[in-house]
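Work through the exercises below with the structure in view. Each task is followed by a solution in steps.

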Amino acid sequence: MSLVVSSLIFAAYTPLCMKPNKVRKVIIDAGHGGKDPGCFGKKLQEKDVCFNVAMEVGALIKMHLPDVQVVYTRTQKNQFVELRERARLANREHGDLFMSIHCNASTSKEASGTETYIMGMNEFNSNEDDVALRENASILNEVDYLEKYDGFDPESPMSHIILANYQNTFQHNSLRFASHIENEFVESARRKSRGVKQSSFVVLWKTAMPSVLVEVGFLTNPEEETFLGDSTGKTNIALGIFHAFEKYKNTVEVRNPNNQK
Ligand SMILES: [Zn+2]
């Protein structure tokens, strides 16, 4: 990519005025919904698991961190929301942090663990490609997606490579939050972590704030499907994300002692 193009892209994704480091509004995005069910286990559908976890994370934040406003991208269990509308809502609301919650799937029943993604170039190994391809395929449910997403085609590997080049100015804090999530999943939720990864996700592409996409486990793995379908398991995952959010907020805000409530 030429320097000119890189500069233009950087300029397009730099906020007009850099906000001080406060975390006062979080956007919680439950993946899929409505006519887009996401992936499946034997009993569970991804859209339902995402919704339940998202609602519980939001409730924990509201209960324990009353200075933080929670905004959901979908508020009904069976609601379909376009990917670009999720990012637009986050930007309209001037969120300080965006989290998109999803479940993973694999052709192998053995595949297991959590992973959290930030926007960026992946290492081109097949697993990361599969996750982004599968999650981005949500836009195939939308009419005129090629026009709406500037020619982005979720079925074209080249589109994913181009998308991944849209590095944004929020990568550092996205990585910070993603690392807290995976640490909490291991330490407090006792899950196996597959780590923090980078890939190109449409839903993260246009959010003008630090943003992550969390895969909370594999619905295709019988043990993980049972865990995610159980209310204790779901709460452990939600608590892990909540504690990660609390740590992220504290770390970001302590770096700016001039912050005022
Ligand atoms: Zn998903």
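**Exercise 1.** Find the strands that helix H2 lies across, and give its direction relative to E3.

Solution. The model is a predicted one. Start from helix H2, residues 46-64. It lies across E1, E2, E3 and strand E6 (211-218). Its direction makes about 145 degrees with that of E3. Next take helix H9, residues 222-229, which packs on the sheet and touches E3 and E6. The angle between the directions of H9 and E6 is about 115 degrees.

**Exercise 2.** State the strand order of the open sheet and name its edge strands.

Solution. The 6 strands follow the order E2-E1-E3-E6-E4-E5, and the pairing is mixed. Strand E2 (69-72) and strand E5 (193-199) each pair on one side only, which puts them at the edges. On average, neighbouring strands are turned by 20 degrees against each other, direction ignored.

**Exercise 3.** In what sense do strands E1 and E3 pair, and which residue stands opposite Ile 28?

Solution. E1 (residues 25-30) and E3 (residues 97-104) are paired in the parallel sense over 5 bridges. Opposite Ile 28 is Met 99 in E3.

**Exercise 4.** Describe how helices H7 and H10 pack.

Solution. H7 covers residues 171-187 and H10 residues 231-254. Their axes are 8 Å apart, at an angle of about 140 degrees. H7 is therefore oblique to H10. The crossing is right-handed. Among the residues that meet are Phe 177 and Ile 181 in H7, and Ile 241 and Ala 244 in H10. By class, the contact has 7 nonpolar, 5 polar and 3 charged residues.

Notes: Residues numbered from 1 in each chain as written. Predicted model: local features only at pLDDT ≥ 70, side-chain atom pairs only at ≥ 80, totals over all residues. Pairing = 2+ DSSP bridges. Helix = DSSP H or I, 4+ residues; strand = E, 2+ residues; numbered from the N terminus. Axes fitted to C-alpha atoms, helices over the stretch in contact; angles between N-to-C directions. Contact = placed C-beta atoms within 7 Å. Parallel < 35°, antiparallel > 145°, perpendicular 65-115°, else oblique. Left-handed = near helix turned anticlockwise from the far one by under 90°. Nonpolar A, V, L, I, M, F, W, Y, C, P; charged D, E, K, R; others polar.
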